[in-house]
Amino acid sequence: MASLFKSANELMVMYAQYHRDRRNIRTHLVGIPLIVISIGMALSLLQWQVAGITLTAAMLAWALSAVWYLTRGHQGLGMATVVFMALLIGFAHVWVESLAHTTGALPAWAVALGVFVVGWVLQFVGHYYEGRKPAFADDLVGLLVGPMFVVGDVFMRWGAWRELDDQIALQAGPLR
């Protein structure tokens, strides 16, 4: 768990070493957001009132992860990841709320479970292409790095953070 305190650049290189196949990365671009949404949905079901405001475990998990992302040393990547996670968690809350008001709909926990399974199936299909186990199998911090990797990948495809992109390619190797 020493990697919990590594910089964003170090974490991105470490994670990229498990993700060099383009097909694997594409499955992650869909699978990781689905997993985050599903966890957000499940955690949004745990609620409490504070000063007349409804708070959820999903909000707490987002806040704790936001602190972690913002303290990894790459402010642009940290902020972009925090915003991305906020959007996914917000969507999860809206989805749970809409299910609560839809007659005959599956319970939110069942939808969350289904989305979770689909997200993980995509992850494992990607790692089948990769020919390598997921990063979290060696270090659980990989579960936190996944969303940051997705955000970083998208921004680097758009030409942002060229230095980080070059560092990843140099240390993790070229994409296949």
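Asp153 lies in helix H6 of this predicted model, where helices (H or I, at least four residues) are DSSP runs numbered from the N terminus. Asp153 is buried, with a relative accessible area of 12%; buried means under 20% relative accessible area, exposed over 50%, and partly exposed in between (1.4 Å probe, protein chains only). Leaving aside residues up to four places away in sequence, Asp153 touches Ile25 and Leu29, a contact being defined as heavy atoms within 4.5 Å.

Residues are numbered from 1 along each chain as its sequence is written. Because the model is predicted, local features need pLDDT of at least 70 and side-chain atom pairs count only at pLDDT 80 or more, while totals for chains, interfaces and linings use all residues, and side-chain values use heavy atoms, with hydrogens and water left out.

Val36, placed in helix H2, is also buried, with a relative accessible area of 10%. Its contacts, not counting residues up to four places away in sequence, are Met85, Leu88, Ile89 and Pro147. Val36 and Ala112 are 76 residues apart in sequence, whereas their C-alpha atoms are 9.9 Å apart in space.

Met12 touches residues including Leu77, Met148 and Ile168, not counting residues up to four places away in sequence.

Methods
Helix = DSSP H or I, 4+ residues; strand = E, 2+ residues; numbered from the N terminus.
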